[in-house]
Amino acid sequence: MITPAPVAAAKPANPDTVTFNRKYNDIARYLGALKQLPGSTLPASFEKDTTWIRYSNNFNYEWKQADKVRFQPMTTWATTELAAQRKQNLDIFYPFSGPDILHANILFPQAKHYHLYGLERAGALPDFTHMKTSDVDGYLANVYSSLDDILTKSYFITKNMLKDLQKNAVNGTLPLVCIFLVRNNYEIVNIKYYHLNDDGTDSPLNKDSIPSHTNDFVNVYFRHPNDTNIQVVSYMKCNMVDPEIKKNAGLMSYLDKMPVSTTYIKSASYLLHNSTFAVMRNAVLKKSMSIVQDDTGVPYRYLPASDWNLTFYGNYIRPVSSFPSGFYQLDLQKAYRMGDSLKQVKPLPFSLGYHWGSNYQNLIKAERKG
């Protein structure tokens, strides 16, 4: 049994000292198809733009549909099924997330710090004051395109994301992170950039780095309006395959110092099933008090009953045809069948994952014993 050591990781800034810079919230609301608030830093004419009006109507329709079939059922489900994890209120560790703060925040809305990781650069919010109308219109079209997969399917498709988040399109993950936060009724307080040093500490950056800078990350500070409690989501660009992560002194040091967390994994391309992702898999097992994941996360064989209390949700079937049949877990299928016969498999009242739009979704909750 691996017993986690609750070592506090170095924090880049004290959220209580972060000052409010409302331009970020104004831009995020505009991108999120929400009306501007009084005193907005954006010109009033922006909301009269016919392209934005059409964008807003389409965006709000798609969001309303996703809210009905996924976000609201997730919210209700998590209130009871993740009550213990919410009460613990640990940091949320979300490897292979890309910009998906959306679902992590719905499941764990009170977390003080969310840690997201992906291959895409952080990028920056657009500076509309220096953009032509045609450029703004093109940017909105790119945003809408980049959100299509996650609103309809519940996950980002990596090849599409790598294309959509180029500098000449949406420019990184940051705009999407901010959109999700304002759509979840938060206010963006500030945005700050950092670089993870080799010793696991971090240094502030003046702005987003060039795409080749591994271990640069962005912190988005956010809160509910009129609430003094500031939460943080960090997004780091890094490659988590073993040959890369083993030579990444900063990330290895950071993972070693990382505090005990609640880990969330979904639609992760079965990467943790591969021998070449052992470092990240071991980090999840060592640092997690709880793991909430679908079958694309840590393989079932690494979650023995001697170490973990397991709860199964939904239905487990073979992976979709996009992935090799070798990722099918016979032991997990057996566990579902045995649990179902004993009425220990609980329903999952929403679609979340690669079998989107069907009743063949699954989630596993693993809670550390002792």
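A note on conventions comes first. This is a predicted model, where local features need pLDDT of at least 70, side-chain atom pairs count only at pLDDT 80 or more, and totals for chains, interfaces and linings use all residues. Residues are numbered from 1 along each chain as its sequence is written, and side-chain values use heavy atoms, with hydrogens and water left out.

**Exercise 1. Describe how helices H5 and H7 cross, and say which residues make the contact.**

Step 1: Locate the elements, which are DSSP runs numbered from the N terminus (helices are H or I with at least four residues, strands are E with at least two). H5 covers residues 133-152 and H7 covers residues 174-183.

Step 2: Take the axes, lines fitted to C-alpha atoms over the stretch in contact, with angles from 0 to 180 degrees between N-to-C directions. The two axes come within 11 Å and cross at roughly 70°.

Step 3: Classify the angle (under 35 degrees is roughly parallel, over 145 roughly antiparallel, 65 to 115 roughly perpendicular, the rest oblique). H5 and H7 are therefore roughly perpendicular to each other.

Step 4: List the contacts, meaning heavy atoms within 4.5 Å. H5 brings Tyr139, Val143, Ser146, Leu147 and Ile150, while H7 brings Pro175, Leu176, Ile179 and Phe180.

**Exercise 2. Find which residues touch the most other members of the largest nonpolar core.**

Step 1: A nonpolar core is a set of buried Ala, Val, Leu, Ile, Met, Phe, Trp, Tyr and Cys residues joined through side-chain atoms within 4.5 Å; buried means under 20% relative accessible area, exposed over 50%, and partly exposed in between, with a 1.4 Å probe and protein chains only.

Step 2: Among the 64 residues of the largest core, Ile188 and Ile191 touch the most other members. Helix H2 (residues 50-81) gives the most to this core, with 9 residues.

Step 3: Look for a further core. A second, separate one has 34 residues, including Tyr117, Met236, Val241 and Met280.

**Exercise 3. Is Glu187 buried or exposed, and what does Glu187 touch?**

Step 1: Glu187 sits in strand S3 (residues 187-196).

Step 2: Its relative accessibility is 13%, so Glu187 counts as buried.

Step 3: Not counting residues up to four places away in sequence, Glu187 touches Phe20, Asn25, Tyr221, Phe222, Arg223 and Pro225.

**Exercise 4. Classify the ring pair of Phe108 and Tyr264.**

Step 1: Rings of Phe, Tyr and Trp (its six-membered ring) pair if their centres lie within 6.5 Å; planes under 30 degrees apart are stacked, over 60 edge-to-face, and the rest tilted. The structure holds 26 such aromatic pairs.

Step 2: Here the centres are 6.5 Å apart and the planes stand at 70°, so the pair of Phe108 and Tyr264 is edge-to-face.

Step 3: Phe108 is in the loop between helix H4 (101-107) and strand S2 (113-118), and Tyr264 is in strand S7 (residues 261-265), 156 residues apart.

Step 4: Check burial. Phe108 is buried at 4% relative accessible area, and Tyr264 is buried at 0%.

**Exercise 5. Where do Asn89 and Asn226 lie?**

Step 1: Most residues other than glycine have a negative phi. Asn89 has a positive phi of about 50°, and phi of Asn226 is near 70°.

Step 2: Asn89 lies in the loop between helix H3 (83-88) and strand S1 (91-94), and Asn226 in the loop between strand S5 (216-223) and strand S6 (231-237).

Step 3: Asn89 is partly exposed at 26% relative accessibility, whereas Asn226 is exposed at 83%.
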